[in-house]
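Welcome! Keep the structure open beside you as you read.

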Amino acid sequence: MFEDLDVNLIIQIIIICCITFLLLKIINKVFKNPEKIYLKFIRSFLQVFICIIAIICILNNFDGFKTFSSTILTSSSLLVVVLGFAFQSSLTDFIAGIFISFFKPFDINDRITLKDQNISGIIEDITIRHTVIKTFTNSRLIIPNSIMNKAIIENNHITDTTSGNFMDVMISYDANIDKAKEIMRKCIETHPETINIDNDKQENYTYVFTRELSDSGIWLRANVWTKNVDINFRVCSEIRDSILKEFKENKIEIPYNKMDVYIKK
């Protein structure tokens, strides 16, 4: 049973597999936890390239593969057609991945929004085929690089990481509007994680606008700035809690829909 086995062939295959495994380990160690998107792409490219070379080296030891490969290589036009048809989509994604890595419209750990698809999340990984986005529900979106390369992307981290958000609060028409504005300003400026983007003023740098006079009450608006977008939502939530407590203590009413019913006898 074992007389037909080619021992030299088996040894060669084992050696190729060991070398491949060793090279993959070296690549993973060199590119361990890369924080730049181009490093992620290079790591993925090298891993795929080494695996393809290893498979070709193994198959090249079989006469059937040698005959097939020599037949294909004798006709360059046939080779181009076969490769173009088989890898058209993958090649597009690969080239798009090169463009993304070179021009860097986003990087690892950037919070982005794909405007056309209404998708938001954090860039987690990129391969030669696709980009991985972690959503805020901790799921993963696997998006081809060709789509990412053509998409309209809103990047909250590129160039300047500071983030601003509107703080809208409604008060009744009977409320003291000046007092309400002062409470909003104080709650925003005293929060330890808000920042002052107006370097010319060290205090009273938050301006509270009268946004709208609506049917139900007066809308007030202010900007809340934080060092990055990741903490902005939480900071705004904590400021709203503080405003609500201050409004209750100072008897400033936040209106809600009411209905007066008159019974005619």
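## Helices across a sheet

In this predicted model, helix α8, made of residues 229-249, lies across β6 and β8. Its direction is at about 25 degrees to β6. Helix α7, residues 177-189, lies across β6, β7 and β8, and runs at about 15 degrees to β8.

## The sheet itself

The strands under discussion belong to an open sheet of three strands, with the order β6-β8-β7 and antiparallel pairing. At the edges you will find β6 (163-171) and β7 (209-213), each of which pairs on one side only. From one strand to the next, the twist averages 30 degrees.

Take a look at the pairing of β7 with β8 (residues 218-226): these strands run antiparallel and are joined by four bridges. Here Glu212 stands opposite Trp219 in β8. As a general point, the side chains of a regular strand alternate between the two faces of the sheet.

## Where α7 meets α8

Two packed helices are described by the angle between their axes and the distance between the axes. For α7 and α8, the axes come within 9 Å and cross at roughly 145 degrees. The crossing of α7 past α8 is right-handed.

Which residues make the contact between α7 and α8? From α7 come Ala180, Ile183, Met184, Cys187 and Ile188, while α8 supplies Ile239, Ser242, Ile243, Glu246 and Phe247. Sorted by class, this contact of α7 with α8 has eight nonpolar residues, one polar and one charged.

## Another helix pair

Now move to helix α2 (residues 37-59) and helix α5 (residues 88-103), whose axes come within 9 Å and cross at roughly 150 degrees. In α2, the residues Ile37, Tyr38, Phe41 and Phe45 meet Phe94, Gly97, Ile98, Ile100 and Ser101 of α5. The contact of α2 with α5 divides into seven nonpolar residues, two polar and no charged.

## A hairpin to finish

Our last stop is a pair of strands, β3 (residues 130-134) and β4 (residues 140-144), which pair in the antiparallel sense over five bridges. Within this pair, Val132 stands opposite Ile142 in β4.

How many residues lie between the strands in the hairpin of β3 and β4? There are five residues between the strands, and in this hairpin Asn138 takes a positive phi near 70 degrees.

Conventions:
Residues numbered from 1 in each chain as written. Predicted model: local features only at pLDDT ≥ 70, side-chain atom pairs only at ≥ 80, totals over all residues. Heavy atoms only, no water. Pairing = 2+ DSSP bridges. Helix = DSSP H or I, 4+ residues; strand = E, 2+ residues; numbered from the N terminus. Axes fitted to C-alpha atoms, helices over the stretch in contact; angles between N-to-C directions. Contact = heavy atoms within 4.5 Å. Left-handed = near helix turned anticlockwise from the far one by under 90°. Nonpolar A, V, L, I, M, F, W, Y, C, P; charged D, E, K, R; others polar.
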